[in-house]
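Here is my note for anyone opening this model for the first time. Have the structure up beside you and work through the points in order.

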Amino acid sequence: MADNVDRLWPPYTALAGVPAPLIAESTMGARIRLADGRELIDGVSSWWTACHGYNHPAILSAVTDQLNRMPHIMFGGFSHDPAIELADRLCAILPGAPSRVFLSDSGSVAVEIAMKMAVQYWRNSGNTDRTKFVSFKGGYHGDTMATMSISDPGDGMHKLFADYLPNQIVVPLPHDAEKPTAFSDALDQHKDHIAGVIIEPLLQAVGGMKIHDNETLRDVASKCAEQDIPLIIDEIATGFGRTGTLFACEQAGIAPDIICVGKALTGGVMSLAATAANARIVEGFNSDDPDHALMHGPTYMANPLACAAANASLALFKTEPRLEQVAGIEKHFQGALASCRGLPGVMDLRIKGAMAAVQLKNLHENDWLKRRFIEEGVWLRPFGDVVYAMPPFVIGKNDLTHLTSTMNKIVAEWSDRFGV
Ligand SMILES: *Cc1c(COP(=O)(O)O)cnc(C)c1O
């Protein structure tokens with residue numbers, strides 16, 4: 001049995017003075033079984049990936065079949081059916097009618113690739129001035145160096161690195177109460193240096209589960225169109241049903257030039273992400289000059305197991321009623337969590353599709369909260385100032401009711417003890 005957990009470096013966690021991680025042993029549906037025999041209802045779908053629940057037989061058998069045939073082959077010089085099928089599937093469903101898909105291993109890398117595509121798109125046409133990105137306060141696009149630079153480095157989780165990162169143009173969203181014109185002013189002022197604009201549509205997830213409206217997205221898209229600046233939509237958190245539609249930007253009816261997906265792409269089974277570009281961007285690379293080639297190629301690019309998982313996951317959106325399940329979860333959240341609103345120390349309740357966030361007045365006692373949820377058989381990871389839930393879409397009615405009644409109960413306890 002594994003017992004020296006201290007050899008591992010945990011994510012986003014101090015190395016001393018924190019509770020040891022739980023040892024997970026197996027998963028099934030919306031539940032995680034621990035090595036000590038306890039079972040938890042997963043309220044966060046393993047960082048928002050396990051949209052069909054864990055161990056869905058259709059995905060497991062697709063991966064197993066592929067495993068027996070060919071677990072991996074390098075993608076330089078080779079292609080294969082699982083990747084070809086996946087690119088077809090993605091081009092058919094992604095907003096903006098993309099014409100090519102670049103596959104990579106994680107969301108951060110998918111965004112890095114989007115940034116390289118945008119910069120090189122301009123370079124290939126002879127324009128070397130456009131190297132800056134416009135992104136938004138409260139946004140998050142990854143943990144790697146370039147993606148940290150567009151993830152609100154002034155105030156976000158990476159502020160420690162602010163002086164190390166390339167300088168970008170990070171502005172409040174349009175309609176921001178204090179600076180409603182900051183975005184359009186920035187575009188007017190810097191337009192000759194901007195390679196692209198990047199936004200998380202409708203939901204700024206890691207930045208605190210903040211919701212904005214369709215009008216905001218449309219304003220961003222129309223201003224980009226007006227200035228001819230490529231629009232990059234980061235659907236890594238919102239993609240595949242989470243906000244109520246297959247992709248969030250469908251709700252605003254906007255079309256990105258480049259779109260990034262990841263997280264739930266394989267239904268939480270394998271690490272895979274994609275960066276898809278429309279004809280305008282692809283045309284900028286349509287050249288036999290080797291200097292015009294996109295210089296990126298992850299070693300495990302388009303891993304066949306991951307592609308097989310993604311194909312099976314995408315098929316499930318057609319054969320099982322995922323979006324109806326999301327609508328049901330949203331309705332349940334609206335009724336069941338309403339009573340949180342009035343509690344002392346609770347600032348806001350935000351619900352969008354299968355996401356509910358209770359915003360607290362400065363979330364202290366986070367370890368106390370996490371421990372209480374585990375004691376009640378629920379896996380939730382409060383962060384920043386929110387206690388949020390993003391359950392698997394297949395979660396059963398009893399588990400969902402236990403999840404929300406536990407949120408009500410623990411937030412009320414927190415509010416009694418620490419709220420005012
Ligand atoms: C999680 C996330 C990323 C980064 O994805 P990783 O797979 O963790 O690298 C990027 N953008 C958004 C919107 C995310 O939620």
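**Notes on the model**

1. Let's begin with Ala273, which is found in strand 12. Strands here are DSSP runs of E with at least two residues, helices are runs of H or I with at least four residues, and both are numbered from the N terminus. A word on the ground rules: this is a predicted model, where local features need pLDDT of at least 70, side-chain atom pairs count only at pLDDT 80 or more, and totals for chains, interfaces and linings use all residues. Residues are numbered from 1 along each chain as its sequence is written, and side-chain values use heavy atoms, with hydrogens and water left out.

2. Is Ala273 buried or exposed? Ala273 counts as buried because its relative accessibility is 0%; the cut-offs are under 20% relative accessible area for buried, over 50% for exposed and partly exposed in between, using a 1.4 Å probe and protein chains only. Not counting residues up to four places away in sequence, Ala273 touches Phe102, Leu103, Ser104, Asp105, Ser106, Gly107, Ala110, Val261, Gly262 and Leu265. Contact means heavy atoms within 4.5 Å. Asp192, on the other hand, is 81 residues from Ala273 in sequence and 30 Å from Ala273 in space, C-alpha to C-alpha.

3. Two of those partners deserve a look of their own. Ser104 sits in strand 4 and is buried, with a relative accessible area of 0%. Setting aside neighbours within four places in sequence, Ser104 is in contact with Val109, Ala110, Ile113, Leu272, Ala273 and Pro298. Phe102 is also placed in strand 4, and at 12% relative accessibility Phe102 counts as buried. With neighbours within four places again left out, the contacts of Phe102 include Ala273, Ala274, Thr275, Leu294 and Met301.

4. Phe102 brings us to a pocket. Which residues lie nearest the centre of the second largest pocket? They are Arg100, Phe102, Val282, Phe285 and Leu294, out of a lining of 15 residues. For the record, the search uses a 1 Å grid over the protein atoms alone; a pocket is an open set of points where a 1.4 Å probe fits, with protein on both sides within 12 Å along at least five of seven lines, and lining residues have an atom within 4 Å of a point. The volume comes to about 410 Å³, meaning the space filled by probe spheres set on the points, which are joined across faces, edges and corners.

5. Where does that lining come from? Strand 4 (100-104), strand 12 (273-277) and helix 9 (279-283) each supply at least two residues, and helix 9 has the largest share, with four. By class, the lining of the second largest pocket has 10 nonpolar, three polar and two charged residues. Ala, Val, Leu, Ile, Met, Phe, Trp, Tyr, Cys and Pro count as nonpolar, Asp, Glu, Lys and Arg as charged, and the others, Gly among them, as polar.

6. Next, helix packing. The axes of helix 11 (residues 322-336) and helix 13 (residues 397-418) come within 10 Å and cross at roughly 30°. Axes are lines fitted to C-alpha atoms, for helices over the stretch in contact, and angles run from 0 to 180 degrees between N-to-C directions. Ile329, His332, Phe333 and Ala336 of helix 11 make the contact with Leu400, Thr401, Thr404 and Asn408 of helix 13. That gives four nonpolar, four polar and no charged residues.

7. Helix 12 (residues 366-375) also has an axis within 10 Å of that of helix 13, crossing at roughly 145°. On the helix 12 side the contact is made by Trp368, Leu369, Arg372 and Phe373, and their partners in helix 13 include Met407, Ile410, Glu413 and Trp414. This contact has seven nonpolar, one polar and four charged residues.

8. Finally, two backbone angles to check. Most residues other than glycine have a negative phi. Trp48, though not a glycine, has a positive phi of about 75°; Trp48 belongs to helix 1 (residues 45-48) and is buried, at 4% relative accessible area. Phe240 has a positive phi near 65° and lies in the loop between strand 10 (231-234) and helix 8 (249-252). At 1% relative accessibility, Phe240 counts as buried.
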